[in-house]
Amino acid sequence: MDVLYNVVQYILGFGAAVFVPLIMLIIGMICKMKFSDAFLAALTLGIGFTGMNVLINFMTGAITPAAQGLAAATGISLPAVDVGWPALSAIAWAWPYGTLCFPLLIVINLVMLKFKLTNVLNVDLWNCWTKLCTCVITYYLCVSAGIPDSTSVILGFVAASIQIIVELKIGDAIQPTIQQVTGIPGVTVPHAMMLSSVIVLPFEKLLEKVPAIENNHVDAKWLRDKIGIFGENSVMGFIIGTVLGAVAYRDPQQALILGIQAGTAMQLFPTVSKLFMQALAPISDAVGSFMKGRFEGRELIIGLDWPIIAGSDELWVSMILLIPFELVWALVLAPAGNVVLPFAGIVNICLGPCLLMLSGGNLIKMLIEGIIVTPVYLLASSSFAPYLTELARTYSPTSLENVGGNAMVTWSTLETPDFRWSVANALSGHPAGIVTLVIWFALFVWLLKEFKSRNTRIKEKLQ
């Protein structure tokens, strides 16, 4: 087990910006690309991931202090500390059986490819921790419910296996939409955050019945056409950042600084996103030719991390505009069990991509759906806070070094809270968890059917 742990940790130590391009270089060589072409494509992909992560960190680093100032101005104070995904990842990987999730992900993917249950080859192995997080949460809930430790371990990996399968299935389902949004063929995003499309779908279908919203597709292009300069990426970012800064800091200097920072990020996101198309298009073509020559009628879709869609203007406009609503919900839901004030997760990138996929970039829909669904993230993360805190104290005490006193830890915008809460509570024998998991899978089937219908229309447009 120690050898496997060291190997996995060494691989993960490369980070997505190195590890994923290495995998893509190998895939390109297998598919008979020239080494020079494959190397340049892989290098460009690594640069794209690095550039996008720099921008995301820059954006969240600028916004988070403003959100803290906004919270301080309103007097909101809650007992759990929002530590974000890095701390949760450390807690998950510190679990003694955690490294087994890595080969589990690979084996399930290969088996599903073999038996034609998916066309997705998920090379985003670096995000294995999201499956492991579900595994560890389920394990701890099972132990807390009095289930023997060995059985709880097995049930934890059952939960992880279910997540791996449904991620691959949703990766298949959204591939044409990903191509429509990014312009990159043959890639998809089989990521945990996409699973929350399940709870967004009913509201999307309701909004489709509102002519004023459905017939007026308000996206970034619409804004540019209707309001001119005020619809430009940089101007929108500047205005939103300045207004947020003015409310949070009550200082013109700080407000204008945040406005420039937000405008900079909004201007550069689309520029960096073009690197993904430049890198992935030749690899996608090579993979397509390779598969057609050996498996007639079969396509192979490459599964990648979510930043390949982060160049969408609508994604960031909606995420920034949702920040005040997150803080309001945190306060309003305190009597209902919310214990966390969003800081590390204040820019809810775990919700944005699924809103983008379902709404097609309609900003009005994204805002309405985001406001409605945000409470699910807060309440689920609050529900897990006691368990995550105990897990951290047991397996990863260093992750609590910056947490004062006896405060609990959690992640306010925990990925796919709907699925995680349902599967963990169902497998631990909680009646409400069993009911919600059954409902979740019913909605998941509906979601797959919805995308199947959409994909037919999208493919007709792309031809």
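K365 is buried in this predicted model. Its relative accessibility is 3%, so it falls under the 20% limit for buried residues. K365 pairs with E214 in a salt bridge, and the closest N and O atoms are 2.5 Å apart. K365 sits in helix α16 (residues 363-395) and E214 in helix α9 (residues 211-214), so the bridge ties together parts that are 151 residues apart in sequence. E214 has a relative accessible area of 32%, so it counts as partly exposed.

R454 lies in helix α18 (residues 431-462), while E204 lies in helix α8 (residues 197-207). The pair therefore joins parts that are 250 residues apart in sequence. R454 and E204 are both buried.

Next comes the pair K131 and E167. These residues form a salt bridge, with the closest N and O atoms 2.9 Å apart. The bridge links distant parts of the chain: K131 is in helix α6 (residues 128-144), E167 is in helix α7 (residues 149-182), and 36 residues separate them. Are these two side chains buried or exposed? K131 has a relative accessible area of 2%, so it is buried. E167 is buried too, at 1% relative accessibility.

Side chains of opposite charge can pair when their charged atoms come close. Across the whole structure, a search finds nine salt bridges.

Key: Residues are numbered from 1 along each chain as its sequence is written. This is a predicted model: local features need pLDDT of at least 70, side-chain atom pairs count only at pLDDT 80 or more; totals for chains, interfaces and linings use all residues. Side-chain values use heavy atoms; hydrogens and water are left out. A salt bridge is a side-chain nitrogen of Lys or Arg within 4 Å of a carboxyl oxygen of Asp or Glu. Helices (H or I, at least four residues) and strands (E, at least two) are DSSP runs, numbered from the N terminus. Buried means under 20% relative accessible area, exposed over 50%, partly exposed in between (1.4 Å probe, protein chains only).
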